[in-house]
Amino acid sequence: MKQKTHMLRDAITFALIAGAGSTGVAFAQSATTDLDRVQVTGSRIRQATLETAQPIVMMTRDDIQKQGFTSVSDIIQNLTATGSPAISRADALASGEEVGGQYVDLRNLGPERTLVLIDGKRMGITSGGYSDLASIPSSVVERIEVLTDGASAVYGSDAIAGVVNIITRKNFDGLEANAYLGQYGEGDGQKQSFDFVIGTASDRGSITLGAEYTKENEVKAKDREFSAYPQGRYHPAEGWSAISEKGILIDPNTGDYYSLNPGTDSADLANYHPFTSADRSNASQQMWLQSRLERRSVFANASFDFSDNLRFVADALYTHRESTSQIAGYPYRSEAYGTLLSGDSAFNPFPGQDVDFMRRGWEVPRQTTSELTTYRFSGGLEGTFTFLDRDWDWDAGYVYNQNKGTVTGSGNFFTPNVANALGPSFIDADGVAKCGSAGAVIDGCIPWNPLLPYGFTGPGSLSNPELQRYLFLNSHDTSKTTTHIYSANLSGRLVTLPAGDLMVAAGYEHRKEDAEYNPDALKQSGLSTDLAGGPTKGGYSLDEFYLEFKIPILADMAFAKELSLDIAGRYSDYDTFGDTVNSKFSLTWRPIEDLLFRGTYATGFRAPTVGVLYGGDSETFDSYTDPCDTLFGQAASNPAVAARCAAAGVPAGFRQEAAGGVPAEGREEASNYPFTAGSNPDVQAETSKSWNFGVVYSPRAINGLDISLDWWKIKIDDVIRAETFTDILYGCYVLSNSADCGKFTRDPARGYQVTEAYRAYTNAGYQKTAGYDLGINYRILDTAIGDFNVSWKTTYVDYLESKRNNQSDTIVEQYTGWATPAGISFRVRSNLNVDWNYGDFGVSYGLRYYSGAKEQCYYAGECTRDYYSSPYTGPVALRDVGSNTFHDLQVRWNAPWNATISMGANNVFDHQGAQMYMQPGSSYPYYGGFDIGRFVYMKYQQRF
């Protein structure tokens, strides 16, 4: 069976080796709409050229087909301007409404600050403001336009870091079917995708219909060397959990830990041995490195020309997406839930004394299945008319988008039943364990022996399916978001000036957003070991007006082949925070035909979302650093902080307690106690300013060469951010902010650990980033050895920094080149793509480069230098990690029966990234945006 799983890999690998030396070819082009005037992303003015003053990265369907990716998200994530994945499929411990979706994060400013459009119209969003790209089938995509510049003046809220516009296929005439099969070199992670598109087009209209099915299997963490152990391949014995599947008994008299000898009676204390490192648990052995994904989509669009000047257009999309992730069984500590093993339990070795224990529910791993069903409809009229010998374009339409989701969780204990199962019990004459006593049996209750190790059967064993059904209850969360958009737009020639036509666009938009997220009643009650949470429900509406002018200043003059100015403004009125006005100024100067200079300045904003304003309180095990920790906190080096900690009752030598009740091994350790996170109805909109200046050089002397270089900068003020518990503790003990001191509680009975805390959303501080984008494209056509196309795109980030609050003495944190739990802000990302076509054959090669990064060092032998990393810590030892390069290869053949057969491999040399102990964008010591192995695939396309 194992051999069969490698057959696809071996076949494709052989074909790649054989085909790499062959000659190559071009793809057939899909049918596209031929319009005299088009609307380019970033402007509402229709024009006859795609050239623009704004930086736009465009990927055609032909470009997409030459990659080995099956999802829109993976395609866009491959762009150098994108940041770390918002919730990567390797982030198995992520929770919430957005889990299971795929999102784009331009400039590492957060996915909620990237606006996603479908054919120029907004996608629906979650209550947190995320647009799920997994709901868009790749077969519907004609091209993708990515505006890497602020555009709130044109599109409104969220367009701070940029805009992603998915242009769908229209006017398709014919039938096309595609099949895709692939898997990793290890024989797992199989992917399959099947789709078809059929359409007909005439002079009066067109209809296009398509469907797609995609399935991607999970990859288990234990099957990769870098994820098989909590601290990676270099430290396989580190990071194991003390809460083990073997069951840990805590002596009620001494507090010592003991484990039961396998195959012995748990009621006899003589059968136990002192707890050792061999009794710990490697949770990675049960976790999935890559989640399972399945998607079904149906889409359609149509247009009909009532006359030469009036057209009806409509499109519809249905997608059902299901994603499943798995983590290890729940690490249950009885004392934390007030469910000690009764002194009258048949399994207790201390008769008459209730005892504390720790036991991981290894028999029932925790799974989360996130399902999302998207219904989208867009319809309207568009047309042209002539007024005073001037041509005008207009459109009016409506967009409806609904996302309905369910999140099903399994593997969490139902604590009332746990309490019953741990209560008084006895073994009857038949050797069956029963709850209660011989004279008073508790019906419906099944006793549990938490001290019995995994793999052993007997009375009270958790391997008993009936006991599993009794102790573990599934949860079912539901969500629903709805978007309604009514819009009307007008654009045309206002007047003819000496340098050309003064163009104008104006429009109105009314939008209403509603969202609700309802955790299962079990989770709301707090009677489950799953994180408790309250319901989210609310909405908002807004009205917007915009106006845009394209003003020609000079044309066809010496050193002014073209000089034009684009001015846009937008007024937005929300029923939540109020109104705002945003503007944008863009200048285009072409001194000679070969050279173009461009620059933009824009203001923008992001409105608070439903989740920010009306989200319910929820439990969270946040990672944080306690300033009072005498090893990692500021108390270790700052006497004033140490004095404030002592005044609060914190004892000398205090150590922060991490998950499992053990001392923290580093900074930003997960809490051992659940804290509370909530919303804030008083949050206001955040604001932004962005600058972009660039040059484009296309020398006529070198036909086919285009070079562009852009400098960009974005600054966001009054950032909408969730407070962190590190922020709160820092504010209390370092900044002496009394308001922060009132947001948490230390428990003297638990060694003055922080056991209760509350955080919410707020407007605080700023974020800013700047850098450069370099693009070089060179096309060599009609040579004796075929056509060549070389594309090299590089993004260099000068800085990405953040100030978390408005305190004047708060130190600004730098993120460029750093690995944090949220991801990595690479200083340099670079992609090189080379395509060679000859006759009916073709070869595409891609190179993806990521610069090195630095992270906190945990192991002395791997540290490279000291650096003051953060205002929340003292001097931190650092570990430098080198750069990473991944290589992709595809070979293809256009068959004579109007088909294209492609075979390829992403990460063809099976490169593995370095171990990253900060677990950036992942639940493992490995960056969540890197390839996890060589992935080989085959694609077949048939056209009729």
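This is a predicted model: local features need pLDDT of at least 70, side-chain atom pairs count only at pLDDT 80 or more; totals for chains, interfaces and linings use all residues.
**Exercise 1**

Work out whether E855 is buried or exposed, and which backbone nitrogens its side chain reaches.

*Solution.* 
- Start by finding the residue: E855 sits in strand β48, which covers residues 853-856.
- Next, check its accessibility. Buried means under 20% relative accessible area. E855 has 0%, so it counts as buried.
- Now follow the side chain. It comes to 3.0 Å from the backbone nitrogen of Y917. A polar atom of the E855 side chain is also 3.0 Å from the backbone nitrogen of M918.
- Finally, look around. Leaving out residues up to four places away in sequence, E855 touches Q915, M916, Y917 and M918, along with A819, A877, L878 and R879.

**Exercise 2**

Take the open sheet of five strands that includes β3, and find which strands stand at its edges.

*Solution.* 
- Write down the strand order: β3-β6-β7-β4-β5, with mixed pairing.
- Then look at the ends. β3 (56-60) and β5 (121-122) each have a single partner strand, so one side of each has no neighbour in the sheet.
- Now zoom in on one pair. β6 (residues 141-147) and β7 (residues 162-168) run antiparallel and are joined by six bridges. For R143, the bridge partner in β7 is I167.
- As background, strands of a sheet pair through backbone hydrogen bonds.

**Exercise 3**

Explain why helix α12 can be called largely enclosed.

*Solution.* 
- Locate the helix at residues 725-733.
- Go through its buried residues: F725, T726, D727, I728, L729, Y730, G731, C732 and Y733.
- That makes nine of the nine, so the rest of the structure largely encloses α12.

Technical notes: Residues are numbered from 1 along each chain as its sequence is written. Side-chain values use heavy atoms; hydrogens and water are left out. Helices (H or I, at least four residues) and strands (E, at least two) are DSSP runs, numbered from the N terminus. Buried means under 20% relative accessible area, exposed over 50%, partly exposed in between (1.4 Å probe, protein chains only). A polar contact is a pair of N or O atoms within 3.5 Å; within protein, one must be able to donate a hydrogen and the other to accept it, and residues adjacent in sequence count only if both atoms are side-chain atoms. Contact means heavy atoms within 4.5 Å. Two strands pair if DSSP finds at least two bridges between them.
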